[in-house]
Amino acid sequence: MAATATPHLLGTPAERVEGRAKVTGAARYAAEHTPPGCAYAWPVPAGVACGRLTGVDITDAMAQPGAIAVLTPFNAPRFAAPPDDAELDVLQYDSVPHRGWYVALAVADTPENARAAAAAVRVTCAGHGDEPEPHDVVLAEDHPDAYTPEKANGGHPAHRERGDTAAAFASAPVRVDTGYRVPPLHNHPMEPHAATAHYAGGRLTVYDSCQGTGPVRAVLAALFDLPEDRVTVVAEHVGGGFGGKGTPRPHVVLAAMAAIHTGRPVKLALPRRHLPSVTGHRAPTLHRLRLGAETDGTLVSVSHEVTTHTSRVNEFVEQAAVPARVMYGSPHSLTTHRVVPLDVPSPSWMRAPGETPGMYALESAMDELAGALGMDPVDLRVRNDPATEPDSGRPFSSRHLVECLREGARRFGWDRRDPRPAAHREGPFLVGTGVAASTYPVLVSPSAASATAHPDGTFTVRVNATDIGTGARTVLAQVAAAALAVPLEAVRIEIGSTRLPRAPLAGGSSGTASWGWAVHRACEALTRTVARHAGPLPDGGLTATADTADEARRTPPYARHAFGAQFAEVRVDTVTGEVRVRRMLGVFAVGRVLNARTARSQLVGGMVMGLGMALTEHSTMDAAHGDFTECDLASYHVPAHADVPDIEAHWIDEDDTLLNPMGSKGVGEIGTTGAAAAIGNAVHHATGVRFRELPLTPDRVL
Ligand code: MOS
């Protein structure tokens, strides 16, 4: 490295270091590893939502060309211990907890033969008598099995109240009592879930499409009774996750089981149509909101009550009332969750679980309140911006929601808005604009990392991070280069394997903060080590390690959240009922932005996902069959280019020294929060009609 080369500056829009490998096809994904002698597996989903298997006949399947094995609950190897996540307890018992649950696994010499063998498996099922048991898959507020759990997802108390919410609401001069419904939603990453497993010499090696190889290794080691150091899990490149790959999934357990059972490497690539039943979903949420305010807009009572569903085997409670604990000050506040266990697949994480549906409902209700008050919706939010976190009383490490609202309003041209609904017509179109706030917590987990200085002036940084398409690999190289005060080109980064220093998963918008903190510390330590070293570096270089176990776990006396403001303009076709988003603009306060290019991409991507939630995405729970109807990208409509207008994502300079050494907040999820509300509020402004159920498809709007 030339001594004059400029040290890297954090924040610059560096291009992805693996970009060339991806566009040339050199980057290999989990299903693109084919060890010699590789066999292929194809799982068999249950066709009923509730029942007991009376038989799984594998005679025809084993007679198919190339068939190697067919595993069923009656012949599959038993796990050493039951998994914590009951969705992983596959082929271990004969009852069916939901439709799509795997009841057999065919293994053959080619993918086609595995699929044919799977199709030849004869499954018989019974409940009482010869019929499958009736199933119950329909969520309703008044479902008799609804209960208030102790915790919602994320460890939040499910129920909490400050003051006397009902009394304060009853005596508030201005009141809004409203409700919203968000349907089940699915992550549909470009790369469906896949794993390639190889067991040889007492060692298990697995290539998995996942958000974190550490949790996958822990699960496989426990289920198959292997020491963790004999299990290696690799996820070098991952084609999207959004939460659906955040926890180990049945496919990787089945791939490992088949590899151990057959003694051959086994590849299992799920067809997209299996994903909705076995990779989690955002649970539907039914919201009731009651907001009471003084005539000047000051909130006196906030009540957000959520009803959601979970499966029979797992309790997962979408924490949709939690953002109301953070957003606005109010002396009286009730936030609570009820959950109904149904014969449905287990819900799980989907981009900003809790905040996404919760902020849709809360920010839509705030828009209704602004209407009831005759007040500008930006001003209403500014009026209720709290000085400290409403629930905990802790000061914010930084907040800047008001700055985001003001800057967004300025850039969007909000002051030119005619506040009257349904007042702007262009031919057959009604046009309107809306605003909503965004929020997401700042999370961080302990991580380890190592950094090595080589004699040729280059560096290698190792950390078991996972780049699920976010640009994590690039931003971690930037963090290292900045900490080492060297050019970006001098740093080589290794991620995506359990052979590397232990690190948490890519989830909760915490990856960059968690991994980057350890990388930063390892590079600081390396700088000191090199400075102490006399003479040329040894051939193997000098290595320093860091582990943030202590400092990242310390609970600070501050509330740490990212905030933002989103603005949308829509056009509603009065002939067809079609809603088109004309433009979206977000301004975010996310601490220090570490890579302007990849951060913008995350924020815009999140806003696009919010656009899909508002207008097109919807998983229908088919009450007759007890499963989700939309099982492909033709019926589950994620926004295509033609749906996505000009989207601008901006950020304000937020200098927060109370986070981590980089001063960063996460950017992965906040863009999704509030986006659907901004669009829904714009549709109300355009039409004068308040729609309370997503998505806003033409049949609902017309
Ligand atoms: Mo994301 S839902 O935090 O994996």
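User: Two strands pair if DSSP finds at least two bridges between them. Which residue in S5 stands opposite Val70?

Analyst: This is a predicted model, where local features need pLDDT of at least 70, side-chain atom pairs count only at pLDDT 80 or more, and totals for chains, interfaces and linings use all residues. Residues are numbered from 1 along each chain as its sequence is written. S3 and S5 (102-108) run antiparallel, joined by four bridges; strands are DSSP runs (E, at least two residues), helices too (H or I, at least four), numbered from the N terminus. Opposite Val70 stands Ala106.

User: Which are the edge strands of the seven-stranded sheet?

Analyst: The sheet is open, with mixed pairing and the order S3-S5-S1-S14-S11-S12-S13. An edge strand pairs on one side only; here these are S3 (67-71) and S13 (231-234).

User: What angle does H6 make with S11?

Analyst: H6 (250-262) lies across S1, S3, S5, S11, S12 and S14. Angles run from 0 to 180 degrees between N-to-C directions, with axes fitted to C-alpha atoms, for helices over the stretch in contact. H6 runs to S11 at about 30°.

User: How are H11 and H12 oriented to each other, roughly parallel or roughly antiparallel?

Analyst: The axes of H11 (472-484) and H12 (511-532) come within 8 Å. They cross at roughly 30°. Angles under 35 degrees count as roughly parallel, over 145 as roughly antiparallel, 65 to 115 as roughly perpendicular and the rest as oblique. H11 and H12 are therefore roughly parallel.

Conventions. Contact = placed C-beta atoms within 7 Å.
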